[in-house]
Amino acid sequence: MREVPWNKIILEEFIRIGGLTEVEEKVMRTRIAGWSRVQQSMELGMSVATVDRIIKRCRIKYDNVQRYSPILPPRERINI
């Protein structure tokens with residue numbers, strides 16, 4: 001699993017340069033706040049599969065823009 005050590009600065013930079021949609025931004029903010037995928041789906045009015053697709057899309061966007069910002073750290077492999 002590869003993760004980013006999220007904080008407000010990293011999140012705002014990603015939103016700024018990543019071109020996230022309003023829905024992607026909501027999913028990212030709630031995910032970083034610790035909401036479960038089920039809680040996100042219920043509160044945002046979408047299926048868990050849709051939340052998963054949005055998360056995957058955000059990972060791809062992050063990987064594509066990370067190299068252009070000194071603020072965004074690379075996603076690192078975490079052993080669980």
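A pocket, on a 1 Å grid over the protein atoms alone, is an open set of points where a 1.4 Å probe fits, with protein on both sides within 12 Å along at least five of seven lines; lining residues have an atom within 4 Å of a point. Grid points are joined across faces, edges and corners, and a volume is the space filled by probe spheres set on the points.

The model is predicted: local features need pLDDT of at least 70 and side-chain atom pairs count only at pLDDT 80 or more, while totals for chains, interfaces and linings use all residues. Residues are numbered from 1 along each chain as its sequence is written, and side-chain values use heavy atoms, with hydrogens and water left out.

**Whole chain**

Four helices and two strands are present, in the order β-α-α-α-α-β from the N terminus. Helices (H or I, at least four residues) and strands (E, at least two) are DSSP runs, numbered from the N terminus. The C-alpha atoms fill a box of roughly 35 × 30 × 20 Å along the principal axes. The radius of gyration is 12 Å, which agrees with the value near 12 Å for a compact globule of 80 residues; it is taken over C-alpha atoms, and the globule rule is 2.2 Å times the number of residues to the power 0.38.

The accessible surface comes to about 5400 Å², 55% of it belonging to carbon and sulfur atoms (Shrake-Rupley method, 1.4 Å probe; for residues, only the protein chains shown count as cover). Buried residues make up 31% of the 80, where buried means under 20% relative accessible area, exposed over 50%, and partly exposed in between (1.4 Å probe, protein chains only).

**Largest pocket**

Select Glu 3, Trp 6, Met 28, Arg 31 and Arg 59. Of the 13 residues lining the largest pocket, these are the closest to its centre. The volume of this pocket is about 180 Å³. Strand 1 (2-3), helix 2 (22-32) and helix 4 (48-65) each supply at least two lining residues, and the largest share, four residues, comes from helix 4. By type, the lining has eight nonpolar, no polar and five charged residues. Here Ala, Val, Leu, Ile, Met, Phe, Trp, Tyr, Cys and Pro count as nonpolar, Asp, Glu, Lys and Arg as charged, and the others, Gly among them, as polar.

**Helix 2**

Next, select helix 2. Its residues Glu 24, Val 27, Met 28 and Thr 30 are buried. The buried residues of this helix pack against helix 1 (8-18), helix 3 and helix 4. Glu 22 also lies in helix 2, but counts as exposed at 60% relative accessibility. After helix 2 comes Gly 34, with a positive phi near 100°.

**Ser 41**

Move to helix 3 (residues 37-44), where Ser 41 is found. Ser 41 counts as buried at 7% relative accessibility. Not counting residues up to four places away in sequence, Ser 41 touches Met 46, Ser 47, Val 48 and Val 51; contact means heavy atoms within 4.5 Å.

**Val 65**

Finish in helix 4 with Val 65. This residue counts as buried, at 14% relative accessibility. Leaving aside neighbours within four places in sequence, Val 65 is in contact with Phe 14, Ile 17, Gly 18 and Leu 72. Trp 35 is 30 residues away along the chain, and its C-alpha atom is separated from that of Val 65 by 25 Å.
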